[in-house]
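Okay, thanks for coming, everyone. Let me put the structure up and we'll walk through it together.

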Amino acid sequence: SAQRIAFHLLAADPADVRRLVHTLTEVKERVRFCAVCGNVAEEDECRICRDPRRDLTVICVVEESKDVVAIEKTREFRGRYHVLGGALSPLDGTTPDQLRIRELLERMRASGDSGATPITEIILATNPNVTGEATALYLSRLLAPLGVRVTRIARGVPMGSDLEYSDQVTLARALEGRRELE
């Protein structure tokens, strides 16, 4: 992809390249991370944190801002988010202090203050891989003593696939997470 972009830019009109450079510079200057959740924003708070219609009692914890976009596309979640900025990975040198875990705990404590809406559920929506699972387990152990309901997004066989091509862990998780048909 990078090579294709480079060749496209070499062949592009110089005025188009200047406009692209201007736009990229503007994005870098204007876009920041939300002071509340860590999502991308053009103001101190992102549009989701500013939305008064969102459920203040539920926080969905994700690894990256792109995960917020993916969940928002479903139009199923009406709570707020917390973006960690990655996942725990000792092999890559990513430790808890490098993620936005402290900020999540501060949000939890602040929600218990008088007059604040208490957070009743934390949904752990980290990726279903080794680092995402480790992060979810770490967070669940940190959050459990705070008296909040900690849940994990369901995992299983993707729609449109065949069982014979699913790995054993995916099939096992799908069986664990089964639910009654309505």
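This is a predicted model: local features need pLDDT of at least 70, side-chain atom pairs count only at pLDDT 80 or more; totals for chains, interfaces and linings use all residues.

Leaving aside neighbours within four places in sequence, which residues is aspartate 51 in contact with? Arg78 and Arg80, where contact means heavy atoms within 4.5 Å.

Residues are numbered from 1 along each chain as its sequence is written, and side-chain values use heavy atoms, with hydrogens and water left out.

Back to aspartate 51: look in the loop between helix H3 (47–50) and strand S3 (58–62). Those labels are DSSP runs numbered from the N terminus, with helices being H or I of at least four residues and strands being E of at least two. Aspartate 51 counts as buried because its relative accessibility is 11%; the cut-offs are under 20% relative accessible area for buried, over 50% for exposed and partly exposed in between, with a 1.4 Å probe and protein chains only.

One to click on is valine 61, whose bridge partner in S5 is leucine 124.

Next, the helices on the sheet. For the angles, axes are lines fitted to C-alpha atoms, for helices over the stretch in contact, and values run from 0 to 180 degrees between N-to-C directions.

How do H5 and H6 cross, left-handed or right-handed? Right-handed, meaning the near helix is turned clockwise from the far one by less than a right angle, with anticlockwise being left-handed. Their axes come within 12 Å and cross at roughly 30°. The residues making the contact are Ile101, Leu104, Leu105 and Met108 from H5, plus Tyr138, Leu139, Leu142 and Leu143 from H6.

Now zoom in on glutamate 63, in the loop between S3 and helix H4 (65–74). Why is glutamate 63 called buried? Because its relative accessible area is 7%. Beyond four places in sequence, glutamate 63 has contacts including Val83, Leu84, Thr126 and Asn127. A polar atom of the glutamate 63 side chain lies 2.8 Å from the backbone nitrogen of asparagine 127.

Threonine 126 is in the loop between S5 and H6, and it's buried, at 1% relative accessible area. A polar atom of its side chain is 2.8 Å from the backbone oxygen of glycine 132. Not counting residues up to four places away, threonine 126 touches, among others, Val61, Glu63 and Arg152.

Last stop: arginine 75, in the loop between H4 and S4. Most residues other than glycine have a negative phi. Arginine 75 isn't a glycine, yet its phi is positive, about 60°. At 75% relative accessibility, arginine 75 counts as exposed.

Note on methods: Two strands pair if DSSP finds at least two bridges between them. A polar contact is a pair of N or O atoms within 3.5 Å; within protein, one must be able to donate a hydrogen and the other to accept it, and residues adjacent in sequence count only if both atoms are side-chain atoms.
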